[in-house]
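Trainee: I'm new to this one. Can you walk me through it?
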Amino acid sequence: MANNKKKNMTMTQQEYQQLAKRIEPKRPVLKNCLRAFLVGGIICVIGQALMELFIHKFGFTEKTAGNPTVAVLIFISVVLTSFGVYDKIAQWAGAGSAVPVTGFANSLCSAAIEHRAEGVVLGIGGNMFKLAGSVIVFGIVTAFIVGIIHLLLGVGR
């Protein structure tokens, strides 16, 4: 905390800050990292297994197997979210379940489920796109910048 804020605090506020810092439980950082690594790794293994399935059983190429793999992972995430299972996994795993595309699908599905009583357009659609809007805008802006850089550097010519 900045020294200016400490000077303006009363003694009671300073004592409270010290007390809160002292009794705040320590975060199990290593355990949380291991859980995130384990669950994120399992999600990636499932994704790789799906990709291999699409390549070897359905005749996709390595380039074309990515899209249906992501679609199936999103579908699985939405189904698990609908039954309340993904939230339990996310509670245990933390960032390991939030970072992959399944975490984004879970966020959108959760927003849709939570606001369905408000109607399809204003409830489900509005709240889903509040969340997804920033991601979509970031993706479009990033693609534009990468495209300009690609054009200026003449990559691939």
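Mentor: Start with a definition: helices here are DSSP runs of H or I, at least four residues long, numbered from the N terminus. By that rule, Thr 69 lies in helix α4, residues 66-82. Keep in mind that this is a predicted model.

Trainee: Is Thr 69 buried or exposed?
Mentor: Thr 69 is buried, with a relative accessible area of 5%. Buried means under 20%.

Trainee: What does Thr 69 touch, leaving aside neighbours within four places in sequence?
Mentor: Thr 69 is in contact with Gly 47, Leu 50, Met 51 and Phe 54.

Trainee: Where is Met 51 found?
Mentor: Met 51 sits in helix α3, which covers residues 29-58. Not counting residues up to four places away in sequence, Met 51 touches Thr 69, Gly 66, Ala 65 and Glu 62.

Trainee: And how far is Met 51 from Ile 136?
Mentor: Their C-alpha atoms are separated by 25 Å. Along the chain, Met 51 and Ile 136 are 85 residues apart.

Trainee: What about Ile 55? Which helix is Ile 55 found in?
Mentor: Ile 55 is in helix α3. At 19% relative accessibility, Ile 55 counts as buried, because the cut-off is under 20%. Leaving out residues up to four places away in sequence, Ile 55 touches Phe 60, Thr 61, Glu 62 and Ala 65.

Trainee: How far apart are the C-alpha atoms of Ile 55 and Leu 34?
Mentor: They are separated by 31 Å. Ile 55 and Leu 34 are 21 residues apart along the chain.

Trainee: New topic. Which residues does UniProt list for "transmembrane region"?
Mentor: The unreviewed UniProt entry lists residues 36-56, 68-86 and 133-153.

Trainee: How much helix is there over residues 36-56?
Mentor: That stretch, residues 36-56, is 100% helix and 0% strand. Its end C-alpha atoms are 30 Å apart.

Trainee: And over residues 68-86?
Mentor: Residues 68-86 are 89% helix and 0% strand. The end C-alpha atoms there are 21 Å apart.

Trainee: Switching to the surface. Which residues make the nonpolar patch?
Mentor: Val 137, Val 141, Phe 144, Ile 145, Ile 148, Ile 149, Leu 152, Leu 153 and Val 155 make a nonpolar surface patch of about 880 Å².

Trainee: Where is Val 141 placed?
Mentor: Val 141 is in helix α8, residues 120-153. Val 141 counts as partly exposed, at 42% relative accessibility.

Trainee: How many salt bridges does the structure hold?
Mentor: The structure holds one. Glu 24 pairs with Arg 27, and the closest N and O atoms are 3.6 Å apart. Glu 24 is partly exposed, with a relative accessible area of 40%. Arg 27 counts as exposed, at 64% relative accessibility.

Trainee: And how many disulfides?
Mentor: The structure holds zero disulfides. Cys 33 is in no disulfide, and the nearest cysteine sulfur, that of Cys 44, is 16 Å away. Likewise, Cys 44 is in no disulfide.

Trainee: How accessible is Cys 33?
Mentor: Cys 33 is partly exposed, at 46% relative accessibility. Cys 44 counts as exposed, at 54%.

Technical notes:
Residues are numbered from 1 along each chain as its sequence is written. This is a predicted model: local features need pLDDT of at least 70, side-chain atom pairs count only at pLDDT 80 or more; totals for chains, interfaces and linings use all residues. Side-chain values use heavy atoms; hydrogens and water are left out. A disulfide is a pair of cysteine sulfur atoms within 2.5 Å. Buried means under 20% relative accessible area, exposed over 50%, partly exposed in between (1.4 Å probe, protein chains only). UniProt positions are given in the numbering used here, feature names are shortened, and annotations may be inferred rather than shown by experiment. Helices (H or I, at least four residues) and strands (E, at least two) are DSSP runs, numbered from the N terminus. Patches are made of residues with over 30% relative accessible area and no salt bridge: like charges are joined within 9 Å, nonpolar side chains (Val, Leu, Ile, Met, Phe, Trp, Tyr) within 5 Å. Accessible areas come from the Shrake-Rupley method with a 1.4 Å probe; for residues, only the protein chains shown count as cover. A salt bridge is a side-chain nitrogen of Lys or Arg within 4 Å of a carboxyl oxygen of Asp or Glu. Contact means heavy atoms within 4.5 Å.
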